[in-house]
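Student: Please take one part of this structure and go through it closely with me. I would like to see how that part connects with its surroundings.

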Amino acid sequence: MNYLRKIMTLVIGIFLCFSLEGCNVKCNSEVLFLQTVGLKKDDDINQTMKIDYLNGQKVVLRKGEYQQFDTPIYDLKRPIRFIVGETDFFYVFDEGACQWNSVKNDITHFGDDAIVEPEPGFEILWFGSNMFIDPTAITEPTKVRVLVKGYFLDDDGNNAEPVAVFMDVIIEP
């Protein structure tokens with residue numbers, strides 16, 4: 001009887017081991033990205049805004065150079081505020097740790113926070129910034145996610161809800 005109990009325990013243990021491995025949650029980088037940057041799936045990611053880099057031309061982006069990102073905002077119905085220090089970010093995904101790491105960057109802003117107002121007759125309005133990625137972060141061609149984040153304003157001019165866009169680019173050493 002003890003022998004049969006040991007075999008059954010072993011079989012159940014093996015079954016549980018294999019079934020639990022199937023229950024492991026895989027690393028979902030896209031869901032994790034939204035959590036990391038404090039956004040939800042419905043925060044208009046890549047809907048209102050699209051990023052074109054260097055006028056949409058495919059170019060080699062290199063560390064140590066300023067990257068100019070132009071963000072066209074399509075069919076704007078409500079004002080958007082871009083906050084200095086909260087607007088533009090670089091992120092790199094670490095698959096081994098299953099996390100997004102922010103890469104230090106130097107952003108050139110002209111003036112204080114910027115508010116982009118809807119303009120009748122304009123389907124596209126442009127918002128641009130210059131960013132300089134930390135050269136020590138790029139030792140090989142690296143896929144970097146550029147995030148541009150703003151806030152729709154309410155009727156009183158207060159930040160109401162986030163809006164964001166991102167683009168993946170390769171930065172060359």
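Tutor: Let's start with a definition: strands are DSSP runs of E with at least two residues, helices are runs of H or I with at least four, and both are numbered from the N terminus. This is a predicted model, in which local features need pLDDT of at least 70 and side-chain atom pairs count only at pLDDT 80 or more, while totals for chains, interfaces and linings use all residues. Residues are numbered from 1 along each chain as its sequence is written, and side-chain values use heavy atoms, with hydrogens and water left out.

The protein chain has 2 helices and 11 strands, and along the sequence they follow the order α-α-β-β-β-β-β-β-β-β-β-β-β. Of its 173 residues, 35% are buried, where buried means under 20% relative accessible area, exposed means over 50%, and partly exposed is in between (1.4 Å probe, protein chains only). Taking contact as heavy atoms within 4.5 Å, 71% of the contacts between residues at least 6 apart in sequence join residues at least 24 apart.

The part I'd like to show you is the hairpin of β10 and β11. Strand β10 covers residues 142–153 and pairs with β11 in the antiparallel sense over 12 bridges; two strands count as paired if DSSP finds at least two bridges between them. You can find V148 standing opposite V165 in β11. Between the two strands there are 5 residues, and G157 in this hairpin takes a positive phi near 85 degrees. Strand β11, residues 159–172, has another partner to look at: β2 (residues 61–62), with which β11 pairs in the parallel sense over 2 bridges. There, R62 has E172 as its bridge partner in β11.

Now follow K143, which lies in strand β10. Its C-alpha atom is separated by 5.7 Å from that of V169, 26 residues away along the chain. Beyond its neighbours within four places in sequence, K143 is in contact with Y91, V92, D168, V169 and I170. One of these contacts also involves charge: the side chains of K143 and D168 form a salt bridge at 3.9 Å, N to O. By salt bridge I mean a side-chain nitrogen of Lys or Arg within 4 Å of a carboxyl oxygen of Asp or Glu. With K143 in strand β10 and D168 in strand β11, the pair ties together parts that are 25 residues apart in sequence. K143 is exposed at 52% relative accessibility, whereas D168 is partly exposed at 31%. Salt bridges with shared partners join E30, K143, R145 and D168 into one network.

Strand β11 has another charged link worth a look. E161 and R78 meet through their side chains in a salt bridge of 3.2 Å, N to O. E161 lies in β11 and R78 in the loop between β3 (66–74) and β4 (80–82), so this pair connects parts that are 83 residues apart in sequence. Both ends are partly exposed: E161 has a relative accessible area of 36%, and R78 has 30%. As a general point, side chains of opposite charge can pair when their charged atoms come close.

D75 has a positive phi of about 45 degrees although it is not a glycine. It also forms a salt bridge with K77, with the closest N and O atoms 2.7 Å apart, and K77 is exposed at 62% relative accessibility. Altogether, the structure holds 6 salt bridges.

To finish, look at Y74 in strand β3, which is partly exposed with a relative accessible area of 33%. Together with I124 and W126, Y74 forms a nonpolar patch on the surface, with about 310 Å² of accessible area. Accessible areas come from the Shrake-Rupley method with a 1.4 Å probe, and for residues only the protein chains shown count as cover. Patches are made of residues with over 30% relative accessible area and no salt bridge, like charges being joined within 9 Å and nonpolar side chains (Val, Leu, Ile, Met, Phe, Trp, Tyr) within 5 Å. For the protein chain, the accessible surface comes to about 11100 Å², of which 54% belongs to carbon and sulfur atoms.
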